[in-house]
Amino acid sequence: MSLYFTKEHEWIRVEGDTATVGISEHAQHALGDIVFAEAPAPGRQLKKGEEAAVVESVKAASDVYSPVSGEVVENNQAIADEPALINTDPEGEGWFFKLRLSNQAEVEGLMDESSYREWSSKL
Amino acid sequence: MAEADTPTLTLPLDRWHRAHGGRMVPFAGYHMPVQYEGIIAEHLWTREHAGLFDVSHMGQLMLTGTGVADALETLLPGDIKGLQPGRIRYSLLLNEAGGIIDDLMVTNVSQGADEAFYMVVNGATKHGDIESLSGRLPSSVSLKHLTDRALLALQGPRACEVIDLLFPGVTEELSFMQGTSREWNGVAVGFGRSGYTGEDGFELSILNSHAERLADSLVEDERVKPIGLGARDSLRLEAGLPLYGHDLDEQTTPVMADLGFAISKRRRTEGGFAGAERILAERETGPVSKRVGFTVDGRQPVREGGRVLDSEGNEVGRVTSGGFSPSLQKPIGMGYVAAALSEPGTRLTLEQRGKLFMAEVAPTPFVPHRYHRKKG
């Protein structure tokens with residue numbers, strides 16, 4: 001199991017050929033109180049970098065991009081029912097969706113956890 | 001309209017906000033706190049206790065000179081001549097076509113025969129307002145921009161108790177839309193019982209040099225927490241109050257903006273203010289489009305720039321403010337719609353980023369005002 005991050009502040013936890021995607025602690029802090037989240041429906045084919053989900057704070061709407069390509073296999077109903085979960089546990093219970101990777105090699109271009117934490121702490 | 005090369009300025013309480021954990025953002029040309037602990041918590045705190053807002057970015061103006069009330073009536077549609085000393089009125093600075101240059105609060109602070117009016121205007125528009133006022137008022141009127149003063153607002157159901165402890169007598173003296181002043185630590189503090197949240201509350205004008213001391217004295221009370229711009233916006237939206245530059249602009253008339261109450265009764269018959277002909281005619285015939293409040297089905301807010309569509313997909317209006325209401329736990333907003341769609345209960349179709357939303361015209365305020373009005 002490996003955890004990676006994007007420069008757009010998504011995280012992706014890869015286990016075999018499936019992965020779980022969400023937004024980072026840094027992202028939730030920057031957004032502030034989250035009041036709405038919409039994750040992609042199972043079956044949807046996502047390309048790397050494509051707009052996959054929407055997250056809205058009190059102040060503004062933001063897109064969540066898919067860190068890699070693949071097919072959505074599950075989305076998290078809990079964040080639709082209780083968007084604040086993304087604030088309280090962004091890298092755990094506040095996950096957005098799971099997908100089946102279509103190109104394992106795409107993971108190679110992502111940041112590992114320590115690089116991301118170091119980079120994002122300087123923003 | 002701020003030029004890109006204009007540096008962002010700091011306000012007297014800049015250091016104070018940072019020390020209290022304020023997240024600073026550029027707004028109206030200044031570094032200002034958008035939030036401290038979080039917008040929703042701050043919003044709800046203000047509705048239940050008392051919130052302290054720094055609104056020192058706003059323009060504080062003093063207009064003096066013989067005939068200043070008469071002169072102001074040529075630019076504002078309110079009854080300024082009938083405004084008694086110590087009374088505050090919400091009014092609009094109009095252009096010659098009847099469009100709104102700014103919305104503002106004006107207080108009669110005349111002492112005896114010396115006429116004086118204190119005006120609070122929006123931060124982002126203050127320099128334009130000053131230019132417009134100086135250019136259009138007669139030379140007998142003197143206009144002073146009180147740049148040496150900060151402005152704090154204490155808002156919420158407990159604000160009255162807090163002010164009463166620090167400034168005995170003030171809360172008893174003032175009802176909603178009344179002003180007074182007190183001496184405090186050797187300087188004058190101006191009070192107005194008004195605000196921008198829909199709650200009872202006070203605005204306090206004080207010299208920059210004493211602003212930090214006043215802010216400290218206020219937050220020392222456990223009923224008071226500092227509140228950022230984010231909650232200020234969600235509170236005023238719930239209160240149905242328009243925000244200049246978003247819900248009001250120079251193309252908007254008071255009638256379109258549903259601010260007909262700001263055109264005082266005497267002025268409706270007499271006219272004599274900028275754009276009066278158009279505005280009074282529009283009052284008779286009704287505006288083509290009108291500002292309304294709306295609620296959105298579901299949980300996703302429709303924000304400024306969202307389009308209002310008719311059943312054929314034609315644009316029949318625009319969203320000018322929108323967000324999530326922390327008190328009501330649902331998306332609310334305001335915008336302009338064709339007059340035929342402006343009745344509360346009318347179903348609307350909204351479009352934002354290619355997605356359609358169902359909404360309904362709602363009476364405003366969304367959350368009832370709780371101003372302190374004296375009985376009788």
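How much area do chain A and chain B bury between them, and what share of it is on carbon and sulfur atoms? I looked this up for the predicted model, in which local features need pLDDT of at least 70, side-chain atom pairs count only at pLDDT 80 or more, and totals for chains, interfaces and linings use all residues. I kept the conventions that residues are numbered from 1 along each chain as its sequence is written, that chains are lettered from A and ligands numbered from 1 in the order in which they are written, and that side-chain values use heavy atoms, with hydrogens and water left out.

Entry 1, the interface. I find that the two chains, A and B, bury about 1,300 Å² between them, 49% of it on carbon and sulfur atoms, where buried area is the accessible area (1.4 Å probe) that two parts lose on being put together, summed over both. Of the area that chain A buries against chain B, 39% comes from A:Val35, A:Val58 and A:Lys59, more than from any other three residues. The contact (heavy atoms within 4.5 Å) draws 16 residues from chain A and 16 residues from chain B.

I counted a salt bridge where a side-chain nitrogen of Lys or Arg lies within 4 Å of a carboxyl oxygen of Asp or Glu. Between chain A and chain B there are three, and over all chains the count is 31. I noted that B:Arg303 and A:Glu56 are joined in this way at 2.7 Å, N to O. Within chain B, B:Arg18 pairs with B:Asp14, their closest N and O atoms being 2.7 Å apart; because these two are four residues apart in helix 1 (residues 14-19) of chain B, about one helical turn separates them.

Helices here are DSSP runs (H or I, at least four residues), and strands are runs of E of at least two. I see the axes of helix 2 (residues 39-48) and helix 8 (residues 229-238) of chain B come within 8 Å and cross at roughly 55°. The crossing of helix 2 and helix 8 of chain B is right-handed. Among the residues that meet are B:Ile39 and B:His43 in helix 2 and B:Ala231 and B:Leu235 in helix 8.

Most residues other than glycine have a negative phi, and most peptide bonds are trans. I recorded a positive phi of about 75° for A:His9, which is not a glycine, in the loop between strand 1 (2-5) and strand 2 (10-15) of chain A. The peptide bond from B:Thr364 to B:Pro365 is cis, with omega near 0°, and B:Pro365 lies in the segment after strand 19 (355-362) of chain B.

Methods:
Axes are lines fitted to C-alpha atoms, for helices over the stretch in contact, and angles run from 0 to 180 degrees between N-to-C directions. A crossing is left-handed if the near helix is turned anticlockwise from the far one by less than a right angle, and right-handed if clockwise.
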